Amino acid sequence: MIIDCHVHINQYELLQNVPNLEDRLNALQTEMTNNNVDYAIILSSYKVNSERPSTKQIIDAIQKYDNLGIAAGFTIDNHTDDDLRKYRQWIKDGKIKAMKIYSGYEHYYPYDERYQKVYDTCIEFGIPVMFHTGDTYSEKGKLRFARPLNLDEVAVDNPELKIVMCHLGNPWIQDAQEVLYKNKNVYADVSGLVIGSFDHYFEKMIKEKVAELINYAGEPRYLLYGTDWPISTMDSYLNFVAKLKIKSEFRDGFMYKHAKKLFKIS
Ligand SMILES: [Zn+2]
């Protein structure tokens, strides 16, 4: 079984020429089938426009699929308390499986107190909050807000909160490994480490960094499979993770068991 805990259906990269949301969802289903992916979590964006559907639009569009869940994007600038109220209902309905904070894209630190209501909601319903960490895909992103060390603050102040550090904080993977080692409530996904497909040298470099991370932070009970499709390709990602030095007894945990439990996927 495979759970991809990090995909998008915004109109970018591989979906650049697919203006219709239904068609983008079809493309996702085809990609999942071709790569034996059983379930995927779609992350809704930090803004809504013709290329980036709202959480509600995604909920309506995925109604007919039983292999998709949502991590709902929440921002200080573009979302309101009313949005959060709606999110609460969709969490209760089992449609929203996690929340997503876009640190770096949004120019606030993860420990900004205006995000606390999001963390409180996640704790109340026992769902995780995902954070963008590391390089921003947009030049308008500000990196200091996206450094993985910021999550230490949130993890320490909210011991009951389950946190997912997206992209291993790349390129600050050393900081990421310390945050993972120290905080048992922090998880990390390996998504979005490349745009498109890995080339041989880049893959080798990242593979060594992940090996160091696991050596340092210990058995990868915290590691989650995710791709960032359509930014990264799913087949390239499966190839890449097959080469990671993860002991066979932890492989199923990484590929689906950790995510199944964390996101409460039945
Ligand atoms: Zn992403």
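Q: What should I know before I start?
A: The model is predicted: local features need pLDDT of at least 70, side-chain atom pairs count only at pLDDT 80 or more, and totals for chains, interfaces and linings use all residues. Residues are numbered from 1 along each chain as its sequence is written, and side-chain values use heavy atoms, with hydrogens and water left out.

Q: Which residues coordinate the zinc ion?
A: H6 (NE2), H8 (NE2) and D228 (OD), at 2.1 Å. Donors here are N, O and S atoms within 2.8 Å of the metal (3.2 Å for Na, K and Ca); water is not among the atoms, so sites may look incomplete.

Q: What spacing do the donors follow along the chain?
A: H-x1-H-x219-D.

Q: Is H6 buried or exposed?
A: H6 is buried, and H8 is too. Buried means under 20% relative accessible area, exposed over 50%, partly exposed in between (1.4 Å probe, protein chains only).

Q: New topic. Which residues are buried in helix α6?
A: I173, A176, Q177, V179 and L180, in a helix that spans residues 173–182. They line one face of α6, because they fall within an arc of 165° seen down its axis. That arc is taken from the directions from the helix axis to the C-beta atoms. Helices (H or I, at least four residues) and strands (E, at least two) are DSSP runs, numbered from the N terminus.

Q: What covers the buried residues of α6?
A: The cover includes α5 (150–157), β6 (163–166), β7 (186–189) and α7 (200–217).

Q: How many aromatic pairs are in the whole structure?
A: A search finds 17. Rings of Phe, Tyr and Trp (its six-membered ring) pair if their centres lie within 6.5 Å; planes under 30 degrees apart count as stacked, over 60 as edge-to-face and the rest as tilted.

Q: Why is the Y102 and Y105 pair edge-to-face?
A: Their planes are at 80°, with the ring centres 6.1 Å apart, so the pair is edge-to-face. Y102 and Y105 are both buried.

Q: Which residues form an aromatic cluster?
A: F198, F202, Y225, Y237, F240 and F254 form one.

Q: On to H107. Where does it lie?
A: H107 is in the loop between β4 (96–101) and α4 (116–125). It counts as partly exposed, because its relative accessibility is 31%.

Q: What is H107 in contact with?
A: Leaving aside neighbours within four places in sequence, H107 is in contact with K140, G141, K142 and F145. Contact means heavy atoms within 4.5 Å. The backbone oxygen of K140 is 2.9 Å from a polar atom of the H107 side chain.

Q: And D235, where does that lie?
A: D235 is in helix α8 (residues 234–242). Leaving aside neighbours within four places in sequence, D235 is in contact with E31 and N35. D235 and N35 are 200 residues apart along the chain, yet their C-alpha atoms are separated by 6.4 Å.

Q: What is phi of H167?
A: About 70°, a positive value although H167 is not a glycine. H167 counts as buried, because its relative accessibility is 6%.

Terms used:
Polar contact = N/O pair within 3.5 Å; in protein donor to acceptor, adjacent residues only side chain to side chain.
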